[in-house]
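Here is a short briefing to read with the structure open beside you. Take it one topic at a time.

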Amino acid sequence: MAKKFYIETFGCQMNALDSEKIAGNLCCNAMEPAESPFEADVVLLNTCSVRDRAVQKVYARLGEFRRYKKMRGDVVVGVLGCMAQLEGEKILKRAPYVDIIAGPQKSHAIYALVERSRPSGGARIDLRSDDESGPPIEDGPTRRENPWRAGVTVSEGCSRSCTYCVVPKTRGKERIRSSRNILREIEKLAAEGYVEIMLLGQTVNSYLDREGGNVDFAELLWRAAQVEGIERIRFTSPHPSDFTRDLLDVMVSCPRVCNHIHLPVQSGSTKILRAMRRGYTREDYLEIVQKIVNAPRDISISTDIIVGFPGESERDFEDTLTLMETVRYDSAFSFKYSPRPNTEALDIDGAVPDEEKSRRLTVLQQRQREIQSRINQTYMGRILEVFVDGRARSRVSLTGRTGNNKIVNFDGPETLIGSFARVRITGFGPNSLKGSWLHEQGLE
Ligand code: SF4
């Protein structure tokens, strides 16, 4: 009987794609996915280390698997990804029953580690990094979760050095994939029926394929948009410093490129941006936003924000609030600064007490909810094209996304799942829109 595996994924979309690659690697070796961890012979946690909370969540989950491991001594438990890379053998001190520890560059090698693992016979650890001298990123088997939407790796790692970030340490320096390979994969996905592509890279728009004829990210995006069958192309995350006029021109001129950009700002204060070593000022950032706003296409903007970075005064925090009001983000992921091991920010004076960080986060999130409600209100009565993903959380209505990344819930038949629908907006909240399906043509 085929051995079964179960993967639990923490963190970002890149981790989600890594998990699909790990699943591809295991399925290629005659293993099968299990419905739950308790039906699996191999349980893998694909982890994140961007914030301490994410790390503690993994340890808590490992604690839950301890009992399972006691009941079934032959089950293999693995910790993979960024937290594994960062914590290494330290994981064994808290969870000595872990059998595999492997970093985020090992998706293609997990089956080999599973094969070599001997439950209760010492952990198999592979934290070597495929740095610039290692093999280039090539296509590998990928077992995708969603039949319509696919993530495509453009680059891995990051060559920037933001003072708070562990990613360059866990994922290594930026390595790009050849544009030829990327486009070949997109063509293959189109032939398989995928309609939406998400181009993924830590700083996706720093892409430059010198060997492939100096193809930069704008050119890559344009070429991807020419692939027949792909209806929507998204990308994440671009770095503001690498945002070019050419990239904006492609977003404006190619309808298949979605009219949404996630542009992480992190802080609205130039002083804090410098301390973070983000490489741009508040003014630089606002200038980019102005270009996007002035472009002849309505492009929604989302962002990431950190509050309570060391040295962040009330005035700096106010700068972040005013920047939010100026940009009017369609959505924002906001977090309290989380000190990470071996990062330069640990040496920066002026730690903000946790209580104050929490207060600032509450204020900021409340303000952002108000902005989102105001923006979403303007959609009332409009007719939007929605790609229907499935059932909403309530299970009653369907849910889907617009090109500019608005979530729309509406009633309609199950047969719409996996296709485009036209929906008139009849209600709104800060996080989503409500609508009614226009099943007759020509209503606009
Ligand atoms: S750009 Fe900065 S925050 Fe983003 S992955 Fe690189 S170092 Fe981390």
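The notes below go through the sheet, the nonpolar cores and the ligand shell.

This is a predicted model, in which local features need pLDDT of at least 70 and side-chain atom pairs count only at pLDDT 80 or more, while totals for chains, interfaces and linings use all residues. Residues are numbered from 1 along each chain as its sequence is written.

- Five bridges link E1 (residues 4-9) to E3 (residues 42-47) in parallel, and Thr-9 has Asn-46 as its bridge partner in E3.

**Nonpolar cores**
- A nonpolar core is a set of buried Ala, Val, Leu, Ile, Met, Phe, Trp, Tyr and Cys residues joined through C-beta atoms within 7 Å; buried means 20 or more other C-beta atoms within 10 Å of a residue's own, with C-beta atoms placed from the backbone.
- The largest core has 95 residues, and Val-79, Ile-197, Leu-199 and Leu-221 have the most contacts inside it.
- A second, separate core has 13 residues, including Leu-398 and Phe-410.

**Ligand shell**
- Residues around the ligand include Cys-158, Arg-160, Gln-202 and His-239, where near means a C-beta atom, placed from the backbone, within 6 Å.

Definitions and conventions
Pairing = 2+ DSSP bridges. Helix = DSSP H or I, 4+ residues; strand = E, 2+ residues; numbered from the N terminus. Buried ≥ 20, exposed ≤ 12 C-beta atoms within 10 Å, placed from the backbone.
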